[in-house]
Amino acid sequence: MRYAVGIDLGGTFVKFALVSENGDILFDNKLSIGGNILREDILNTVSKAISQVIQKAGESNVEVIGIGLGSPGVVDGGIVHGGADNLNRWENINLAEIYSTEFGLPVFVDNDANVMGLGEAVYGAAKGCTDAIFLTVGTGIGGAIIMNGQLYGGYKNRGTEMGHVTIDHKGIACNCGGRGCLEAYASTSALIGQYSELSGKKGEHINGHYIVEKFLDGEPDAVQCMNEHADYLGHAIAGFINTFAPQKVIIGGGISEAGQFYIDLIKKSAFSYVMPDCSGFTDVVGATLGNSAGCMGAASLVFRNCN
Ligand SMILES: [Zn+2]
């Protein structure tokens, strides 16, 4: 059995795990990187995380063959080029070189959403599938495309920004500089904004969890907002299905764990807009790996790239 270090770098935590090739997690943990810390501090925290996993592997008498890393931003050739707005000066960093030099192991890096999608495709909701689309619905909307069993990133891995397809060409401004993007309408943040506006309710306690609870209670404002949320996502997913004919569309992110009803709502919406000829082999499902998707996907980068 082969083992790898899986690192999932987010805006607030570095999550890390020792993962076997068949998807068992022998050890996992996380370290905080929250606050206004420097790029060097983030690099050091990731280094500490890798050290912890390698130490645990030693204690378990297993040998690590490589390090996989999911990072926010545009990643190509082991380098984060930019686009990770939540991390301080997280651009033009050759993560593969830094950590392969430090640890003497091969290092493979990809975008965090890509890595999560790969994790779900290899070990989770789309296990056994060759073609899948992954969407993570949270503060923003990220995504991944698995095509013929491989991550597809477009030329120089610059693509698959699934949250930034236009669903309203005269719509509201998006964080990306565009207009009418899916993310601006269907992220959890957007849902909270829509609900606050409709209900007049404001405050810290208005979050995705709260709206889901009110929806299940049948509160009219929550029902209307959740139905619209599902409708926005359904429109975009129908487009993805018509384009890629995936076997699975996987919905991840915190709100996707609300329950099967949430996935069913989106699935019903998507299937009311798809072309039947494109969607005959497609299912819309919830992610199954939860918080482990990133670390497992990162580890699977190692297994598929190491001989
Ligand atoms: Zn956008």
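1. Asp110 is in contact with Gly70, Val75, Val115, Leu151 and Leu301, leaving aside its neighbours within four places in sequence. The model is a predicted one. Asp110 belongs to strand E8, and it counts as buried because 24 C-beta neighbours lie inside 10 Å, where 20 or more are required. Between Asp110 and Gln55 there are 24 Å in space, C-alpha to C-alpha, and the two are 55 residues apart in sequence.

2. The strand that holds Asp110 is E8, residues 107-111, and it is mostly covered, with five of its five residues buried. E8 pairs with strand E4 (residues 64-71) in the parallel sense, over five bridges. Ser71 has Asn111 in E8 as its bridge partner.

3. What is the order of the strands in the open sheet of five? It runs E3-E2-E1-E4-E8, and the pairing is mixed. Strand E3 (25-32) and E8 are at the edges; each has a single partner strand, so one side of each is left without a neighbour in the sheet. From one strand to the next the twist averages 15°.

4. At the E3 end, strand E2 (residues 13-20) and E3 form an antiparallel pair over seven bridges. Within this pairing, Val14 stands opposite Leu31 in E3. Helix H1 packs on the sheet and touches strand E1 (3-9), E2, E3 and E4, its direction making about 25° with that of E2. Helix H10 (residues 293-305) also packs on the sheet, touching E1, E2, E3, E4 and E8; the direction of H10 makes about 135° with that of E1.

5. Two packed helices are described by the angle between their axes and the distance between the axes. For helix H1 (residues 39-59) and helix H2 (residues 95-103), the angle is about 45° and the axes are 11 Å apart. H1 is therefore oblique to H2. Their crossing is right-handed. H1 contributes Leu43, Ser47, Ile50 and Ile54 to the contact, and H2 contributes Ile98, Tyr99, Glu102 and Phe103. By class, six residues of this contact are nonpolar, one is polar and one is charged.

6. There is also an open sheet of three strands, in the order E5-E6-E7 and with antiparallel pairing. Strand E5 (74-76) and strand E7 (93-94) stand at its edges with a single partner strand each, so one side of each has no neighbour in the sheet. E5 and strand E6 (residues 79-82) are joined over three bridges in the antiparallel sense. Asp76 has Ile79 as its bridge partner in E6.

7. Asn157 has a positive phi of about 60°, although it is not a glycine. Asn157 is in the loop between strand E11 (150-152) and helix H4 (182-186).

8. Ala245 is in the loop between helix H7 (220-244) and strand E12 (248-252). With 17 other C-beta atoms within 10 Å, Ala245 is partly exposed.

Technical notes
Residues are numbered from 1 along each chain as its sequence is written. This is a predicted model: local features need pLDDT of at least 70, side-chain atom pairs count only at pLDDT 80 or more; totals for chains, interfaces and linings use all residues. Axes are lines fitted to C-alpha atoms, for helices over the stretch in contact, and angles run from 0 to 180 degrees between N-to-C directions. Helices (H or I, at least four residues) and strands (E, at least two) are DSSP runs, numbered from the N terminus. Angles under 35 degrees count as roughly parallel, over 145 as roughly antiparallel, 65 to 115 as roughly perpendicular and the rest as oblique. A crossing is left-handed if the near helix is turned anticlockwise from the far one by less than a right angle, and right-handed if clockwise. Two residues are in contact if their C-beta atoms, placed from the backbone, lie within 7 Å. Ala, Val, Leu, Ile, Met, Phe, Trp, Tyr, Cys and Pro count as nonpolar, Asp, Glu, Lys and Arg as charged, and the others, Gly among them, as polar. A residue is buried if 20 or more other C-beta atoms lie within 10 Å of its own, exposed if 12 or fewer, and partly exposed in between; C-beta atoms are placed from the backbone. Two strands pair if DSSP finds at least two bridges between them.
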